[in-house]
Amino acid sequence: MNNIPTTRVRKAVIPAAGLGTRFLPATKATPKEMLPVVDKPAIQYVVEEAVSAGLEDVLMVTGRNKRPLEDHFDRNHELESALTRKGDEERLAKVQESSELATMHYVRQGDPRGLGHAVLCAAPHVGDEPFAVLLGDDLIDPRDPLLARMLEVLTRRGGSVVALMEVDPAQIHLYGCAAVEMTEDADVVRVTGLVEKPDPADAPSSYAVIGRYVLDPAVFGVLGRTEPGRGGEIQLTDALETLARDESVGGPVHGVVFKGRRYDTGDRGDYLRAIVRLACEREDLGPEFRAWLRGFVAETAETAETAEA
């Protein structure tokens with residue numbers, strides 16, 4: 001059973017109810033999704049990715065203290081009027097860009113019961129059609145169109161599609177892990193099983209699930225029957241395991257093996273590295289910033305050598 005979708009994927013779901021405790025105290029009053037990556041909040045990159053793949057209906061699953069997310073993607077008439085009076089068209093365009101990106105919707109998760117529960121909260125909005133899930137901690141470089149490739153695989157093979165990356169086996173305990181079979185496409189595997197954050201000795205592979213999914217709506221019924229798993233939360237991985245094991249439920253599960261540029265903004269070190277990488281590649285910031293960075297690195301190395309002498 002391939003369960004090929006009869007309608008194209010139109011809707012994206014972005015879970016954004018997390019507390020962002022790894023970034024305290026910065027996230028005490030500011031949602032972690034609003035932390036800037038160069039000069040845009042991290043969440044805007046994710047919405048832009050969805051839109052670039054043709055998904056202009058975006059549902060954010062939020063929680064308490066997430067109102068700034070709604071405000072960011074809404075119009076700010078006072079600010080726009082002030083910029084208009086000043087004739088500052090460049091900044092005006094940047095302000096208006098976020099409010100014109102997509103048709104935005106919001107629903108509150110309520111109790112933080114895991115990623116699977118957050119996805120289940122989207123069921124009334126999504127209905128009986130395939131949809132994408134994009135996690136806000138993973139930024140995918142726009143030059144590496146992962147989501148577009150996943151949508152293409154869904155159209156050809158049906159069922160659900162997850163994004164995978166090969167990681168150091170010693171790090172697999174940080175991720176959901178997929179048991180896979182190769183296909184005729186070099187970047188596509190068939191997922192035969194999934195386990196959430198396994199011990200390295202028990203991991204079925206080094207393929208880690210990263211934060212992009214294209215899901216058959218059958219996942220909602222499975223999530224509704226899924227008992228809390230690791231961490232006492234309803235795990236999306238567990239529901240996908242059911243779909244992978246029994247294709248009659250909602251078609252097969254395939255994985256797109258991603259080898260492009262990914263930035264993990266949920267980790268403080270990776271967050272800083274993402275800012276540096278993206279700033280270096282910007283035409284307006286890159287030349288001057290790279291020159292400063294080379295000097296800073298050289299100065300730091302010289303200071304370290306002096307201290308060791």
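Start at the largest cavity, which has a volume of about 80 Å³. A cavity here is a set of points on a 1 Å grid over the protein atoms alone where a 1.4 Å probe fits but cannot get out. Grid points are joined across faces, edges and corners, and the volume is the space filled by probe spheres set on the points. The structure holds one cavity of 30 Å³ or more. To outline the largest cavity, select Phe23, Lys32, Glu33, Leu35, Ala42, Ile43, Gly136, Asp137, Thr265 and Tyr271, which line it; a lining residue has an atom within 4 Å of a point.

The model is predicted: local features need pLDDT of at least 70, side-chain atom pairs count only at pLDDT 80 or more, and totals for chains, interfaces and linings use all residues. Residues are numbered from 1 along each chain as its sequence is written, and side-chain values use heavy atoms, with hydrogens and water left out.

**The second largest pocket**

Next, select Tyr45, Glu48, Ile140, Asp141 and Pro142, the closest to the centre of the second largest pocket among the 24 residues that line it. The volume of this pocket is about 520 Å³. A pocket is an open set of grid points with protein on both sides within 12 Å along at least five of seven lines. Colour α1, β7 (138-140), α7 (146-157) and α11 (268-281), the elements that give two or more residues to the lining. Helices (H or I, at least four residues) and strands (E, at least two) are DSSP runs, numbered from the N terminus. α1 gives the most to this lining, with five residues.

Stay on glutamate 48. Its side chain meets that of lysine 40 in a salt bridge, 2.8 Å from N to O. A salt bridge is a side-chain nitrogen of Lys or Arg within 4 Å of a carboxyl oxygen of Asp or Glu. Glutamate 48 counts as buried because its relative accessibility is 17%; buried means under 20% relative accessible area, exposed over 50%, and partly exposed in between (1.4 Å probe, protein chains only).

Now show Val47 and Val214, the residues with the most contacts inside the largest nonpolar core, a set of 46 residues. Helix α1 (residues 42-52) gives the most to this core, with seven residues. A nonpolar core is a set of buried Ala, Val, Leu, Ile, Met, Phe, Trp, Tyr and Cys residues joined through side-chain atoms within 4.5 Å. Around valine 214, leaving aside neighbours within four places in sequence, the contacts are Val9, Phe131, Ala132, Leu147, Met150, Leu151, Leu154, Ser160 and Val161; contact means heavy atoms within 4.5 Å.

Move to leucine 164, in strand β8 (residues 160-166). Leucine 164 is counted as buried because its relative accessibility is 0%. Beyond four places in sequence, leucine 164 touches Ala178, Val180, Val189, Tyr207, Ala208, Val209, Ile210, Gly255, Val256, Val257 and Phe258.

From Ala178, step to serine 205, which touches Ile172, Cys177 and Ala178, not counting residues up to four places away in sequence. Serine 205 is in the loop between β10 (188-196) and β11 (207-215), and is buried at 19% relative accessible area. For scale, draw a line from its C-alpha atom to that of aspartate 57: the two residues are 148 apart along the chain and the atoms are separated by 35 Å.

Select α9 next. Seven of its 10 residues are buried, so the helix is largely enclosed by the rest of the structure. The buried ones are Leu236, Thr237, Ala239, Leu240, Glu241, Leu243 and Ala244. Arginine 245 forms a salt bridge with glutamate 241, the closest N and O atoms being 2.8 Å apart. Because they are four residues apart in helix α9 (residues 236-245), about one helical turn separates the two. Arginine 245 is exposed at 60% relative accessibility, while glutamate 241 is buried at 19%. Elsewhere, salt bridges that share partners join Arg156, Arg157, Glu184 and Asp185 into one network.

Arginine 91 and aspartate 88 form another salt bridge, with their closest N and O atoms 3.0 Å apart. Arginine 91 is exposed, at 53% relative accessible area, and aspartate 88 is buried, at 19% relative accessibility. The count comes to 24 salt bridges.

**Cysteines**

Finish with cysteine 121, buried at 17% relative accessible area, and cysteine 280, buried at 14%. The structure holds zero disulfides, a disulfide being a pair of cysteine sulfur atoms within 2.5 Å.
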